[in-house]
Structure formats: C-alpha cells, structure tokens
Amino acid sequence: MEYSQEVKKMCTVAKGAYHGPAPIPEEGKWVQATEIKDISGLTHGIGWCAPQQGACKLTLNVKDGVIQEALVETIGCSGMTHSAAMAAEILTGKTILEALNTDLVCDAINTAMRELFLQIVYGRTQSAFSEGGLPIGAGLEDLGKGLRSQVGTMYSTKMKGVRYLEMAEGYVTRIALDKDDTVIGYEFVNLGKMMDAINAGMSANDALVKFTSSYGRFKDAAKYINPRHE
C-alpha cells in the first residue's frame, strides 16, 4: 500500500473506541454484519428493464451469505422467460455478493438482484424477525398448490370495455354480465391443478370440468361472453 508524501508527514492521532457496525435484524437475531457470511434472510423484490417494458419478481432465501433458494418470475417480454431459466440455475450456490456481480442475462432480473441485495444487507428481509428464518422451500408457498405465479391479466378499451383474461384463481374462460352489460362474475380454470390431474391419468375433458369454477354472481348472469373472442 502506498501513501503520499503529505500523508507520511502527518502526525499520528489515535483512533477512538470501535463499536462495530449497527446491528441488523436477521431471522430473529440482531447481527453485527462484517462479512457476507454474516447475512441470512428471505425476501422478495421487483426489478425492471431499462426501457421499462418488462419486470421481474425475484425471491431469494439466503443462509450464511449463500443463496439456497431462488424463485424468478417475469412478465412483459418473451425473452425474459428464457433469461429466468438461466438466472434460476445461476443464482443458487452463489454468495449474494457474487450474484450481485453476475450477469443474470436479463436487465430486469439484474435490477431485481440489486434491489434484493440492498434489502438483505440492510436487514429489511421478510424473515427479519422470524426466529430461525424460513426453511428452504418457502419460496414455493408463493405459488400455491398449482405451482403457478399469481398473475392478473386484464385488458380494456374505451369502446368495448374490460376483458378479464387471467386471475390468481386461474385462466378466465367466461365473463358474466348482467342485463346492463356490467361484469358480475367470471368462470375460470385452475390450469395447475388441471395439468396435474391430466399427468396423473385423468382425461383432459374430465380435468377441465373438475377444475372449472366461478366467482361472484356468475350463475345470475343475463349473458356470458368469451373474453378472448367476443
């Protein structure tokens, strides 16, 4: 290490007491983090690409500085799904510092990693006050039994009004309208459960019927429309 002549000529002044960094909450403990291995926690965050045309929701479960679990959910760009596949494989096993400085292929996923890094190292995780943190696998709970992202897709025009396309419950097949053409409910298919049933041997038609449900005053409708074709 080199010092300038100006510094070399300075007299030495003793440093006062050192109390370490301010402690941060981590999995039910207060931790004075000085190294990456001191960091643990589970958290979620959102990232966006430079043109702001796509977004990524990233969930990380970090134990002793190492990413043990990653859930990558993307929307807005077809290429992002392939980037998510690569990022999910890349992230686990890396320290959060390594992950922060790794090209995760998609700009939105990179931004999500940056935002999560800040939350994690500042002790702002969702598991900050949960004793022992959350087990590996907690990220899957966000997806529910069908292991599908909680997605809402709606479209509307001034001339023709709204179309519900997908709800958290599932893929919308019909919208219920009253006599004034106001939406009063919808019918949906739980695609995750339907595909599980088909994979288990149930016929596609039977699975479609079994996992089709409705919400609201669907049965009281004056008419029904297909949101994709009417």
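The model is predicted, so local features need pLDDT of at least 70 and side-chain atom pairs count only at pLDDT 80 or more, whereas totals for chains, interfaces and linings use all residues. Residues are numbered from 1 along each chain as its sequence is written, and side-chain values use heavy atoms, with hydrogens and water left out.

I begin with the cores. A nonpolar core is a set of buried Ala, Val, Leu, Ile, Met, Phe, Trp, Tyr and Cys residues joined through side-chain atoms within 4.5 Å; buried means under 20% relative accessible area, with a 1.4 Å probe and protein chains only. The largest such core has 24 residues, and those touching the most other members are Leu58, Leu60, Leu91, Ile96, Ile109 and Met113. At least two residues of this core come from each of β4 (55-63), β5 (66-75), α2 (78-91), α3 (96-100) and α4 (107-121). The greatest contribution is that of α4, with seven residues. Helices (H or I, at least four residues) and strands (E, at least two) are DSSP runs, numbered from the N terminus. Another core lies apart from this one and has seven residues, including Met167, Val172, Phe188 and Ile225.

Let me take Leu60 in detail. Beyond its neighbours within four places in sequence, Leu60 has contacts (heavy atoms within 4.5 Å) with residues including Leu42, Ile67, Leu91, Met113 and Ile120.

I close with the lining of the largest pocket. Of the lining, β5 supplies the largest share, six residues.

How values were computed:
Buried < 20%, exposed > 50% of the residue type's maximum accessible area, 1.4 Å probe, protein only.
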